[in-house]
Amino acid sequence: MRTTPLRAAGVLAVAALALVGCAQSPAGGGGAGGGAAAAGGPCERTVQNDFALPGEKPAAAKANFKVAMVRQSGVGDYFEQWGNGAATQIKAAGGSIDVYDARGDNAKQVAQFNDAITSKPDVIIVDHGLADSVNPKIDEAISKGIPVVVYDVNISNCKAMYISQDDASIAGKILDYLKQDSPSGGKIAYVNVSGIAPLDSRDAVYQQFLKANPSFTQSAHFGKYSESVAADTATEGAAALKAAPTTTLSFAAYDELAKGTLIALRQDNMADKVKVYGVDISTADIQLMTEPGSPWRATAATDPANVGAIVARAAIGAGAGVAMPQKLTIPAALITQDMLRERKVTNMDDLRAALPDLNTPNILGATWIPKIQPGS
C-alpha cells in the first residue's frame, strides 16, 4: 500500500509501527555462536557486522525451504518495500514465504505466531511487534527447534538473531547535519517516544548532543505512539509548538513522527520558521521533503527493501543450519533535501539510482544465495 504526500492543510493518519529493539542468536539448527544463555534470559550481545555466510552451500540447506514471517506492518510504502525486499530474496533462493501480518493488533499477532509455529517452517522472521507479545512465542518456536531471526523487536531470548539499523550512528549523522545546517545553534522541538529500544538509543545520542552543544536547547518535547502516529503526534505537536513559538529546529526520531511534526507546523503557521530533521525514508517521505516550502531538511536512513533482503538472507542462513551471529547492524546514509532536489529524486527507485551504496548485497551475501536488486 502506498501513501499520498501531505499537503498544506492535509491530515495524515498513518498507522506505522516502529516497534524496534535489540536481540541475539539462534542455536542448534540455525543457532548463533555464543548462544549459551537460556531462552528468555539476559545475555551479552556482540555485534558482528563482518560475519560472512559459508562459501559453500550448507549440507543442511533445503531446495524448497519454508519461511514464516510474523510482522506488525502499517500504512505506507516503507513496510511494503521492506516486505517485498524480503520476499524477493527468499523466492530467488528457492524458498517460499507465508506472511502473518497483524497490522497493529497485538493479540492477533500472538494468534498468528501460533499459526506460524504450527505450520512448521524452516525458519521464522519476526518483523516488528510488541516485545511482551512476541517474546513468549519466540521462546516457544526456539524450544521446538525453529530458528528465529528478529528485526526491530526488543527481545530477551539469546538464541534469536537480532538485526537492526545502527541507531546510534543514525542519530549522530542527522544531528551532525542539523548542527552544520545551523552552526549558530537553535531551539529544538524534540519529537520522540520512550520505551522503544532503537528510539531510546537515538535519545541517548540526542541527550549527549545537547550536553556537548550548549548553543542548542530544547524548546518542546512531544510525540505519540499509536496506530495513527503522525496524526496523533500532530495533535500533541500543534499544542506544544504553539507554546514554544521561538522554536527554530525539530529533530524527529523516525519518519512518522516527522510527518506529524510537519502537520503541526503547518497548523501553527510555523513551517517557514522551523527546520525539520528526521530518520527513515520512503517514497512518501521523499515527496514530503521535496515539495515546495517543505521544512524537512534531511533524514538518515537505510533502504527498506535492502533491509528486508538482508533479514531474508539471515533467515536463509539460519534455516540452513548456519551458526548465525548474535547481532548485526545495518549502516545508514544521510539523505538531504538539497540532494533530492538537485538530482530530481521523486521516489525510492530514483533514490537507489542516486545512492547505489544503499544496496548492500555483500552483507550476508553468499554465492549460493542469488543476488537481487531490492525494489526492482
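Modeller: Contact means that heavy atoms lie within 4.5 Å of one another, and by that rule K173, leaving aside its neighbours within four places in sequence, is in contact with A300, A332 and L334. This is a predicted model in which local features need pLDDT of at least 70 and side-chain atom pairs count only at pLDDT 80 or more, while totals for chains, interfaces and linings use all residues. Residues are numbered from 1 along each chain as its sequence is written, and side-chain values use heavy atoms, with hydrogens and water left out.

Biologist: What makes K173 count as buried, exposed or partly exposed?

Modeller: Its relative accessible area is 32%, and the scale calls a residue buried under 20%, exposed over 50% and partly exposed in between, using a 1.4 Å probe and protein chains only, so K173 is partly exposed. K173 lies in helix 4, where helices (H or I, at least four residues) and strands (E, at least two) are DSSP runs numbered from the N terminus. K173 and T299 are 126 residues apart in sequence, yet their C-alpha atoms are 8.8 Å apart in space.

Biologist: How do you know in which sense strand 1 and strand 2 run, and how many bridges join them?

Modeller: Two strands pair if DSSP finds at least two bridges between them, and strand 1 (residues 66-71) and strand 2 (residues 96-101) are joined by six, running parallel.

Biologist: Why is strand 1 called largely enclosed?

Modeller: Five of its six residues are buried, so strand 1 is largely enclosed by the rest of the structure.

Biologist: What makes strand 2 and strand 11 the edges of their sheet?

Modeller: That open sheet has six strands in the order 2-1-3-4-5-11, with parallel pairing. Strand 2 and strand 11 (327-330) each have a single partner strand, so one side of each is left without a neighbour in the sheet. The twist averages 20 degrees from one strand to the next. Strand 11 pairs with strand 5 (residues 161-165) in the parallel sense over four bridges, and Y162 has K327 as its bridge partner there.

Biologist: What makes the arrangement of helix 2 and helix 3 roughly parallel, rather than antiparallel?

Modeller: The axes of helix 2 (residues 106-118) and helix 3 (residues 131-143) come within 9 Å and cross at roughly 10 degrees. Angles under 35 degrees count as roughly parallel, over 145 as roughly antiparallel, 65 to 115 as roughly perpendicular and the rest as oblique, and the two helices are therefore roughly parallel to each other. Their contact is made by residues including F113 and I117 of helix 2 and I138 and A141 of helix 3.

Biologist: What is the other sheet like, and which of its strands are at the edge?

Modeller: The open sheet of six strands in the order 7-6-8-9-10-12 has mixed pairing, and its edge strands are strand 7 and strand 12 (333-336), each of which pairs on one side only. Within this sheet, strand 9 (residues 275-279) and strand 10 pair in the parallel sense over four bridges, with W296 of strand 10 as the bridge partner of V276. Helix 7 packs on the sheet, touching strand 6, strand 7, strand 8, strand 9 and strand 10.

Note on methods:
Axes fitted to C-alpha atoms, helices over the stretch in contact; angles between N-to-C directions.
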